[in-house]
Amino acid sequence: MSDLAQQAELTTRSGQSGQPLRLGVAEGMAGVLGLFLLISAVAPQFLAPGDPLGIDPLAAFAPPSFAHGFGTDESGRDIYTRVVHGTQYSLVIGVAATAIGLGLGIVLGTLAGMLGRVVDFTVNRFLEVLFAFPGLLLALLFILVFGPGVATATIAVGLSTAPGYARIIRGQLIAVRGAAFVEAATVLGRTRWQILLRHILPNTLAPLFVLATLGVGQAIVWAATLSYLGLGAEPPTAEWGAMLSAGRTYITSAWWMSFFPGLFIVLTAVTATVLGRSIDRRMRHA
Amino acid sequence: MVEPVTPANRRRDGLARPVFRALGRLGARLAGAIFVLWAVASITFFAVRLIPGDPAQAVLGGPGSQASPEALAAVSAEYGFDQPVFTQYLTQLGRLATGDLGRSYSLNMDVGPLVLDQLGGTLLLAVLALSLAWVIALALATWSTRGGLVAARVGSSLEIVAAALPHFWLATSLIVVFSIWIGVLPPISTDSLAGLVLPVLTLAVPLAGFLGQIMRESLLIALESPFVLSARARGESERGVRWVHALRHASLPAISLSGWAFGSLISGAVVVETIFARPGLGRTLLNAVTLRDVPVVIGVVMIVAVAYILMTLLTDAVSRLVDPRLRLS
Amino acid sequence: MLQIGPSIDFGPIHYWIESNNCILVGYTSGKETHSMHTWSNPHRAVRAVTGLALAGLFLTGCTANDTSNIADTGDPVSGGTLTYASGDAEPSCLDPHVGGNFPQGMIAAQYLESLVSRNSAGQIIPWLAESWTPSPDGLTWDFTLRGDVSFTDGTVFDAAAVQANIAHLRNPTTLSSTGYLALGKVASTEVVSPTVVRFIMTEPDSALLESLSQVWLAMESPAALERSQDENCVAPVGTGPFIVDSWVKQSAITLVRNDDYVSPPADADHSGPAYLDQVIWRFIPDSASRYAALQAGQVDVIDNAQPDTIVQATQSDSIEHLDSPRPGSSNRIELNSGKAPFNDVRVREAFIRSANVDDAVSSLFQGTATRSYSALSSVESTAVSDPTLFGYDPSAAAELLDAAGWGETDADGYRVKDGVRLSVQFPVSTNQSIPAEQSVFEQIQATAKETGFEVKLAPLDLSSWYAALATNDYDAVSAPYTKVGPDVLRILYHSDSIVPAPSGYFANLAQVNDPQIDELLTTAASTTDVAERTSLYADAQNRILAGFYILPLYDQQNHYLLRSDVVGLRTLPTVAVPTLYDAWLNR
Amino acid sequence: MSAAAVLSVRALRVGFGASAPVVRGVSFELAAGECLAIVGESGSGKSVTARSLLGLAGANARVEADRLELGGQSVLGLTDRAWRVRRGKDVGLVLQDALVSLDPLRPIGREIADSLRLHTTLGAAARARRVLELLDAVGLSNPELQVQKRSGQLSGGERQRALIAAAIALNPPLLIADEPTTALDVTVQAQILALLEQIKLSGTAVLLVSHDLAVVSRIADRVAVMHDGLLIETGRTERVLVAPQHEQTRRMVAAVPADKPRGTRLSLAASMPLAPAPIVSARADSTRPTASKPDAAVVRETVVLEAIGLSHSFRRPDGSRQLAVDDVSFSLLRGHTLGIVGESGSGKTTTARLLLALLPLEQGDVQLFGQAWSSVSEKRRRRRRASVGAIYQDSLGSFDPRWSVGEILTDALGRALPQTRSARRSPENLARLTTLLDEVGLAATVLPRRPLELSGGQRQRVGIARALAGRPDILICDEPVSSLDVSVQAQVLDLLDDVQRERELSLIFISHDLGVVQHVSDEVVVMRSGRVVESGSAARVFTAPEHAYSAQLLAAVPRLPG
């Protein structure tokens with residue numbers, strides 16, 4: 001589940017490749033989508049005035065039409081409405097899981113990067129062990145202990161992304177710590193704390209914003225996977241993974257039930273990636 | 001400031017040094033691997049201790065069962081649940097050290113043979129998916145860096161979208177299209193070629209997106225590097241530049257990522273094996289988790305950890321093979 | 001009672017999402033010991049059988065479809081491989097003596113046979129036993145066995161073999177649950193002659209024949225039983241039309257034809273060996289994948305068919321539908337009358353009136369299930385149905401709530417009393433309720449909300465679900481219970497069933513504690529006169545229904561879909577498991 | 001020139017995309033056995049010109065010319081396929097730094113054999129033989145052993161020879177060498193130049209591209225000075241360097257520091273307004289005591305920084321220790337500049353970091369104004385750090401990338417960084433910053449900009465401003481001009497000279513470039529492999545080196561003729 005670790009390394013590398021700021025079209029589209037998702041999360045009624053839980057048994061299994069753009073589900077609920085209203089769950093889960101993973105990663109990474117060899121060695125071994133649990137495995141184990149549900153799924157995703165973040169933060173910290181400008185600050189007579197606060201932390205943490213943007217997309221995909229496996233959000237909650245899971249039962253007769261929630265998961269992840277990389281590039285070239 | 005390793009001072013070391021160094025490195029690797037396995041076993045052991053409920057109850061069919069107190073006591077004694085936790089832990093470690101993974105609560109068989117049985121199918125899937133992902137990523141990377149803005153944009157967009165595809169959605173969509181609408185590929189996976197296509201595609205496409213992004217970026221860097229210019233100045237063709245020089249460099253980050261990729265394929269196997277009704281570790285694990293079958297969970301976790309460690313060693317070895325510079329340090 | 005009552009031993013097996021309705025069937029036999037006293041009186045038995053015959057109509061209704069199929073397609077052809085895809089979880093042991101659940105029973109019916117069977121009219125018919133005679137006091141039963149049958153390992157089937165099987169079932173180390181409980185009144189067995197075995201009872205047991213008809217009490221080779229349980233679990237040896245050839249765990253079980261087969265039950269369509277060369281028995285838990293595989297022709301038969309696929313199948317020429325509802329209780333929601341808010345009958349009625357079940361069932365089951373208004377399965381002749389009690393009437397519900405003191409409404413539109421919201425905890429077992437059923441609950445949740453009920457659906461895995469029940473942490477729950485005969489009512493609604501077993505489980509989930517109902521059910525259980533017994537059960541059911549303890553939904557669903565070229569597949573009229581003996585491939 | 005011109009270029013124009021062309025009409029010819037050097041600063045278009053001659057200007061380059069002939073045949077508008085036949089066979093290319101110009105993953109033997117594989121029908125064994133011959137020809141000892149190695153396993157000189165071997169594998173009539181010696185140590189540089197000269201003498205036409213006039217003067221027959229996409233001056237080497245005609249050429253010649261006495265201005269009029277020029281040097285002709293001839297009484301008064309037996313070692317990957325600095329001693333006198341010179345790996349930079357107390361000393365001591373400096377705790381040292389400033393080679397890396405120039409300098413002025421924008425813009429703060437910028441010749445407009453947005457010269461000026469902000473007595477400059485163009489280098493060296501005089505600073509000046517050190521230093525320390533091989537007054541060391549290594553270094557320094 002350290003996809004985002006790879007993503008981050010990727011952006012670091014792409015920053016170096018010195019490509020011009022391309023992808024203007026993609027960024028524009030991602031911006032529009034991002035705005036749509038943001039409105040969906042904050043004020044879903046604005047985009048979909050209906051009730052995401054409102055049933056209409058007589059209109060069940062309606063294929064996409066003018067009245068129901070994305071069709072209806074087995075209880076006649078409008079899928080467009082549910083997808084829009086589901087954004088907030090997915091975004092909150094994604095953001096919370098990323099915050100947990102990033103928070104843990106910052107603690108572990110800072111410990112390893114700042115507190116000398118012994119701590120670094122210990123934390124590194126610990127991370128190595130965590131890496132030996134493929135992400136979903138760690139999440140499943142966590143859910144096994146604490147039981148399924150949205151909260152546990154969120155924490156589980158956060159936990160399983162933490163090692164990746166920790167490794168990035170540690171690397172970043174060590175790179176920044178050894179940077180020439182840190183030495184220059186020492187020569188200017190700055191204390192360790194001043195250097196830490198003014199130089200090392202800002203330069204370590206600023207790139208994390210980009211990382212977090214990329215991470216939210218991946219976290220949403222993973223949380224949806226857990227929901228899909230019946231270990232996350234529960235129906236009839238309009239969470240995308242849970243909707244997809246419910247729709248999967250009817251895949252042979254009502255493909256739209258699983259297609260659209262899945263499409264939004266993909267679009268959200270793509271949007272997060274494109275925006276994250278664009279922010280990153282802009283920060284680098286600023 | 002370190003003196004560069006010159007032929008002279010390396011000859012001085014004689015033959016013994018490199019051999020000892022290699023042995024030392026191997027030893028350190030082995031110690032590291034054993035440490036990781038020990039830690040994985042310990043974490044899993046204590047984590048499952050935290051699972052609410054009486055493990056003896058789980059053996060006898062969970063809380064819905066009607067196990068008598070006598071049966072519970074008998075099971076407790078048989079499985080050692082009545083021992084202090086630390087004793088149980090040591091017993092467990094001792095058994096693991098001898099390769100004994102214990103007995104499944106739910107499957108009425110020893111975990112070792114069970115897990116080994118399931119390993120094959122998952123490995124086949126993972127290896128095929130990893131290979132296919134490499135092929136797709138390589139093709140995409142070489143094609144999209146051939147020049148031309150359109151190819152670059154299309155390539156980059158394809159990679160980003162592919163990397164964002166959740167396995168479960170991709171699998172479902174592939175079944176709908178290829179099994180239900182077109183009806184050319186079976187929705188249930190078997191080890192036949194046709195039966196492997198959809199699950200392997202499901203696992204390979206998102207991975208190819210990741211690998212492709214990385215490969216394309218590093219390929220671009222490699223293609224701009226001076227040694228490529230040198231090669232071109234020697235009269236090397238574009239194809240030669242790519243295949244003799246650039247791709248080798250571009251594949252390095254992707255190779256070292258393949259260890260991680262393997263782990264993510266195992267994660268993906270949980271979903272894919274369930275949807276395509278394929279036997280394998282992933283499905284075994286998910287079943288064991290829903291059934292609270294602790295020995296199977298530990299068994300799968302251990303075998304995945306071993307596989308992951310071996311995979312890491314393998315990717316390291318391949319990296320060393322591709323990049324001889326790594327052999328020196 | 002309690003020792004026997006809730007025989008919910010799942011053994012080591014748990015279920016996938018779709019393995020819903022079948023789960024509890026396996027425990028049926030255990031309760032039958034109490035329900036069928038009257039069988040010792042042959043005269044009354046006949047009348048009881050006619051009652052069952054009515055029930056049997058449902059079964060014949062489905063199989064008729066299939067038999068007509070044979071007529072169209074000419075003479076059966078031997079050969080070929082049939083692939084069966086089950087939605088249930090893979091058993092951990094193929095010997096149904098061990099544990100004893102429905103998935104085990106389904107596959108075991110292909111290679112194991114019982115002493116007796118039932119025909120589609122509900123009559124007990126000979127199988128491995130040619131005839132049987134109970135003593136007048138009902139305390140001994142002599143079974144005369146067929147003399148020409150051997151197990152597939154060559155061991156002769158004789159009285160000693162029966163004795164060994166009974167001993168195996170009763171041996172605690174076998175960990176038999178279903179079979180063990182079914183034999184609760186058997187004191188011992190005696191070998192009278194090689195072909196006659198005698199059952200000695202501790203008290204009369206009118207359900208003995210029903211019990212023995214079940215696949216969980218089928219006969220296995222005594223030589224095979226001598227092996228370790230691990231070995232026997234992998235390849236049990238019986239007398240059936242197929243032989244377990246190999247079992248690749250989590251993939252498939254391969255069965256091959258028993259060429260020496262001679263012992264079909266009396267109601268089989270043909271004699272001699274089965275038509276099919278080989279059967280591949282797969283487990284495909286994902287219902288969509290399972291149906292897709294059937295459509296693609298990758299498998300020939302699937303069980304646990306979902307409503308939407310059944311509808312699709314009926315429109316298709318290449319797929320046939322086989323519907324075989326199970327005996328026992330109906331699928332219903334039980335309201336926990338043991339605690340607030342459902343300790344008030346007005347609130348219970350209000351809930352039932354506020355739930356729009358009809359629309360839900362018709363939209364979700366799309367005509368594949370019929371609405372039930374009874375506590376019992378429609379295959380039970382004694383079932384009492386009262387549609388008037390279960391009509392959707394939100395305004396009546398609102399009045400009832402006002403009357404019960406839940407007049408206030410909070411900001412979210414839920415009823416409130418003394419600052420407490422009118423909440424209904426509804427744990428749902430994702431293993432036992434199929435998606436369509438879970439959706440029914442969601443729709444009930446939505447319609448009940450309009451009246452002011454806050455239904456909190458909690459989809460749980462089996463362990464958590466049982467835990468929620470054991471800690472009395474529920475207000476409503478759906479838990480189907482299969483058992484032949486109205487005696488199931490005693491299990492489900494007698495106050496004794498509120499007392500939990502050591503594991504915390506209890507069967508009276510509605511927590512009906514009504515001395516009058518208790519008395520009616522106890523009396524009925526000991527009444528041998530069919531008419532009188534029927535009337536006692538009717539009184540009890542009326543009281544249960546009128547007390548608004550339950551909200552009936554529909555029968556326990558048991559749907560199979562098969563490729564049209566699969567001919568002759570039927571379910572055994574005992575517990576509705578499929579048998580492939582008569583099946584052949586018209587290719 | 002000769003009728004048999006190997007290369008003939010008339011009005012070559014190269015542009016990229018829609019932007020203005022970077023080569024705007026360049027014409028020259030090159031005959032067999034002749035060496036033409038194109039000299040220019042970064043951005044002048046010299047590399048693009050060179051690469052256009054191989055058809056490698058880039059995928060989106062527009063290459064136009066009135067004439068572009070290789071061996072008498074026009075190569076204008078050739079397809080890539082046609083170019084490929086010529087590359088390597090008709091023209092070879094040698095790039096800067098063979099560490100990355102040879103594929104670091106492949107043995108050099110394979111790299112060299114590639115040319116043979118692509119253009120000849122030789123079999124593998126024949127190719128292997130030819131590779132050994134080539135390695136022998138370029139003076140690589142032990143070719144059989146070296147052929148298996150990759151560029152990373154060879155020394156800088158060895159791999160540059162290998163790169164040349166690859167370029168001349170097919171005896172192309174034209175060899176283009178683009179900055180072939182730039183990253184090399186001075187002694188190695190001399191060897192490579194000798195090799196190129198030998199190749200030239202064997203009849204190959206050599207086109208040498210370089211930023212360094214002194215380097216090209218060694219082997220070039222003719223020099224073409226390139227500036228802003230045009231050849232501004234072409235002529236015989238001696239003539240161009242001794243009597244440059246064009247303003248820009250004069251500026252470049254003047255900027256070469258070697259052999260220019262201490263205090264001589266290197267930058268010409270164009271950069272004069274930066275600072276007033278107090279030309280007269282009180283010290284230039286004085287006979288001050290030097291480190292090699294200490295007069296005890298005077299030394300005690302004037303020594304500001306003293307290194308006594310410094311040692312430091314690094315841990316190697318295998319755990320053994322490697323001495324990087326070994327018993328190094330010297331003294332810096334007030335107002336003097338002490339130059340430390342040495343090749344890569346000589347321990348110069350480690351010495352600088354030891355002087356700045358950024359590394360722990362294993363032996364010896366550094367004393368500042370006669371007081372313990374490196375042996376005290378950082379806490380006690382911190383108060384005195386203001387008196388020691390530092391200037392770094394990689395000025396960009398020495399600035400926090402998140403800070404603007406204003407923030408960097410405000411911070412360096414010793415104040416807690418004003419947190420608010422308004423505080424940073426307070427008149428008082430602004431005035432102090434402006435004064436500081438004035439001193440280093442920068443306008444206040446750079447204040448809001450980030451270092452990344454500045455040119456190399458501007459950055460180094462900001463670096464100097466930062467070092468001066470704390471009013472130091474001593475400046476430790478570690479390769480401060482190494483990555484700058486020669487004219488910018490001249491300006492920065494002049495600036496350092498100015499501020500030293502104005503502020504009476506004492507300087508430690510570390511460089512690999514003997515010319516620069518010779519120009520700026522009063523005293524010189526020559527280091528090799530962590531040890532001091534020779535020290536003394538600059539005048540003495542550069543005229544009469546006592547140690548053989550110093551003499552060897554000195555001999556290798558490229559100088560302008562005359």
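Select helix α8 (residues 180–187) of chain A, together with the elements around it: what covers its buried residues includes α7 (150–177) and α9 of chain A as well as β17 of chain D. The structure is a predicted model, in which local features need pLDDT of at least 70, side-chain atom pairs count only at pLDDT 80 or more, and totals for chains, interfaces and linings use all residues. Residues are numbered from 1 along each chain as its sequence is written, and chains are lettered from A and ligands numbered from 1 in the order in which they are written.

**Helix α8 of chain A**

Six of the eight residues of α8(A) are buried, so the helix is largely enclosed by the rest of the structure. A residue is buried if 20 or more other C-beta atoms lie within 10 Å of its own, exposed if 12 or fewer, and partly exposed in between, with C-beta atoms placed from the backbone. Helices (H or I, at least four residues) and strands (E, at least two) are DSSP runs, numbered from the N terminus. Colour A:Phe181, A:Val182, A:Ala184, A:Ala185, A:Thr186 and A:Val187, which are the buried residues. After the helix comes A:Gly189, with a positive phi near 90 degrees.

**From chain A to chain B**

Display chains A and B next. Their contact takes 42 residues from chain A and 46 residues from chain B; two residues are in contact if their C-beta atoms, placed from the backbone, lie within 7 Å. On the side of chain A, at least two residues each are supplied by α1 (3–16), α5 (116–131), α6, α9 (192–228), α10 (240–248) and α11 (256–285). The largest share, eight residues, comes from α11(A). By class, this side of chain A has 25 nonpolar, twelve polar and five charged residues. Here Ala, Val, Leu, Ile, Met, Phe, Trp, Tyr, Cys and Pro count as nonpolar, Asp, Glu, Lys and Arg as charged, and the others, Gly among them, as polar.

Within this view, select helix α6 (residues 135–146) of chain A and helix α11 (residues 238–275) of chain B. Their axes come within 7 Å and cross at roughly 55 degrees. Axes are lines fitted to C-alpha atoms, for helices over the stretch in contact, and angles run from 0 to 180 degrees between N-to-C directions. The two helices are therefore oblique to each other: angles under 35 degrees count as roughly parallel, over 145 as roughly antiparallel, 65 to 115 as roughly perpendicular and the rest as oblique. From α6(A), A:Gly135, A:Leu136 and A:Leu137 meet B:Ser264, B:Ile266, B:Ser267 and B:Val270 of α11(B). These residues divide into four nonpolar, three polar and no charged.

**The two domains of chain B**

Domain 1 brings 14 residues to their contact and domain 2 brings ten residues. On the side of domain 1, α2 (16–49) and α3 (55–59) of chain B give two or more residues, and α2(B) gives the most, with nine residues. That side of domain 1 divides into eleven nonpolar, two polar and one charged.

**A sheet in chain D**

Move to chain D. Six strands form an open sheet of mixed pairing, in the order β17-β18-β19-β14-β20-β21; two strands pair if DSSP finds at least two bridges between them. At the edges are β17 (388–391) and β21 (531–537), each pairing on one side only. From one strand to the next the twist averages 15 degrees. Strand β20 (residues 523–528) pairs with β21(D) in the antiparallel sense over six bridges, and D:Arg528 has D:Arg531 in β21(D) as its bridge partner.

**A buried strand in chain C**

Finish at strand β13 (residues 331–335) of chain C. Five of its five residues are buried, so the strand is largely enclosed by the rest of the structure. C:Asn331, C:Ile333 and C:Leu335 point one way, and C:Arg332 and C:Glu334 the other way. β13(C) pairs in the antiparallel sense with strand β20 (residues 550–554) of chain C over four bridges, where C:Arg332 stands opposite C:Pro552. Three bridges also join β13(C) to strand β19 (residues 476–478) of chain C, with the two running antiparallel; C:Ile333 has C:Ser478 as its bridge partner there.
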